[in-house]
Amino acid sequence: MSRVAAFVDAGYFWVQCSQILFNDKRRRGEIVLDVARMREKLLEVIRAEFPYASLLRVYWYDGLGSDGNPTEMHRRIYELDDFKVRYGTRNLEGKQKGIDGLLIADLIGLAQNHGITEALILSGDGDLAPGVAAAQTLGVRVHRLEMGGAEASSPALRAEVDRNVLWPRAEVESFVAPSPFRSESDEEDGQTAFGIGMEPLAVEENREVVPRGERGDVLLHAVAERFVLELEKSGSAGDLLTLSSIPAELDKHLLFSARTALGRKLSQAEKVALRALVKHFLQHGCKGQGATL
């Protein structure tokens, strides 16, 4: 019986999504991924390439988050049917490590145990070429799914696989899009500044530190109102109404904006109050047009 497994190098996937959307390398937080749609399109490719094979599963290889734990995106991926996330590590520069070794070990292990007869690899890493060759000697046919064109892939890997197939740009753009809250720079504590898609709240240069008290409460109120108004402009406000908490990327933007307005970090109580104000404005609407800070 023919059986196929897919092996996805998430680093390659995200970089190529960025190139397709921006013609540049951007951070993952600047990209919105529809994971269900991505799964659907990937399974379509697998069925087209191996029409007589049954699917074992899709392996997704990625480094852990900066805190050493799986990220929210990892959770969304591993909750997909037929997907298994395999974790590498990250070095001091934040680059993922050990991915190619994990992928090769799984590919060869499945080939040796007769778990698969076909494989689809989504990667451009030339370090995978020896593993591909080893799997082929064990009788596995290996196809490679390419994103963004041949120039983004190792010639050694392209030459080693049995077939290279391009994932059309239109297909990729059906499940990825630029985030309306793309950020330009990292701040301490992992917070990010507003970039393209949402302007930072207007703050005079050299604003003095705002102590806790009535004025601080007014500023938090204004930050929350402006935040919701921007969500409404982008058409994203309705999506948040169905969630129990503010998504992590949006929460970082919200907290950074408040910290900028106050000139200091927020206390835990202020963070709770700010999020509660956002929920209130989402549910009941904004009366003003966003206070000037």
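His 114 sits in the loop that links helix 4 to strand 6. Keep in mind as you look around that this is a predicted model. Although His 114 is not a glycine, its phi is positive, at about 60°. Its relative accessible area is 68%, over the 50% cut-off, so His 114 counts as exposed.

Let's step back from this loop for a moment. The protein has eleven helices and nine strands. Of its 293 residues, 46% are buried. Its accessible surface comes to about 14600 Å², and carbon and sulfur atoms account for 50% of that. Now take the contacts between residues at least 6 apart in sequence: 70% of them join residues at least 24 apart.

Back to helix 4, which covers residues 99–112. How do helix 4 and helix 5 lie relative to each other, parallel or antiparallel? Two packed helices are described by the angle between their axes and the distance between those axes. Here the axes of helix 4 and helix 5 (residues 129–137) come within 9 Å and cross at roughly 5°. An angle under 35 degrees counts as roughly parallel, and therefore that is the description for helix 4 and helix 5. On the helix 4 side, the contact is made by Ile 104, Leu 107, Ile 108 and Ala 111, while helix 5 brings Gly 131, Val 132, Ala 134 and Ala 135. Sorted by class, this contact has seven nonpolar residues, one polar residue and no charged ones.

Next, the interior. In soluble globular proteins, nonpolar side chains tend to be buried together. The largest nonpolar core in this model has 34 residues, and Phe 13 and Trp 60 are the ones that touch the most other members. Several elements give two or more residues to this core: strand 1 (3–9), helix 1 (10–22), strand 2 (31–33), helix 2 (35–49), strand 3 (54–63), strand 4 (83–90) and strand 6 (118–122). Helix 1 provides the largest share, seven residues.

Which residues does Trp 60 contact, leaving aside its neighbours within four places in sequence? They are Val 8, Ala 10, Phe 13, Trp 14, Met 38, Ile 77, Phe 83, Lys 84, Val 85 and Arg 86. There is also a second, separate core of 23 residues, with Val 223, Leu 240, Leu 282 and Cys 286 among them.

Leu 240 leads us on to Gln 283. The two are 43 residues apart in sequence, and their C-alpha atoms are 9.8 Å apart in space. Gln 283 belongs to helix 11 (residues 268–284), and with 57% relative accessibility Gln 283 counts as exposed.

Our last stop is Leu 55, in strand 3. Its relative accessible area is 30%, which makes Leu 55 partly exposed. Leu 55 and Ala 6 are 49 residues apart along the chain, with 8.5 Å between their C-alpha atoms. Beyond its neighbours within four places in sequence, Leu 55 contacts Arg 3, Val 4, Leu 43, Ile 46 and Asp 82.

Asp 82 lies in the loop between helix 3 (72–78) and strand 4. Asp 82 is not a glycine, yet has a positive phi of about 75°. With 35% relative accessibility, Asp 82 counts as partly exposed.

Note on methods:
Residues are numbered from 1 along each chain as its sequence is written. This is a predicted model: local features need pLDDT of at least 70, side-chain atom pairs count only at pLDDT 80 or more; totals for chains, interfaces and linings use all residues. Side-chain values use heavy atoms; hydrogens and water are left out. Helices (H or I, at least four residues) and strands (E, at least two) are DSSP runs, numbered from the N terminus. Buried means under 20% relative accessible area, exposed over 50%, partly exposed in between (1.4 Å probe, protein chains only). Contact means heavy atoms within 4.5 Å. Accessible areas come from the Shrake-Rupley method with a 1.4 Å probe; for residues, only the protein chains shown count as cover. Axes are lines fitted to C-alpha atoms, for helices over the stretch in contact, and angles run from 0 to 180 degrees between N-to-C directions. Angles under 35 degrees count as roughly parallel, over 145 as roughly antiparallel, 65 to 115 as roughly perpendicular and the rest as oblique. Ala, Val, Leu, Ile, Met, Phe, Trp, Tyr, Cys and Pro count as nonpolar, Asp, Glu, Lys and Arg as charged, and the others, Gly among them, as polar. A nonpolar core is a set of buried Ala, Val, Leu, Ile, Met, Phe, Trp, Tyr and Cys residues joined through side-chain atoms within 4.5 Å.
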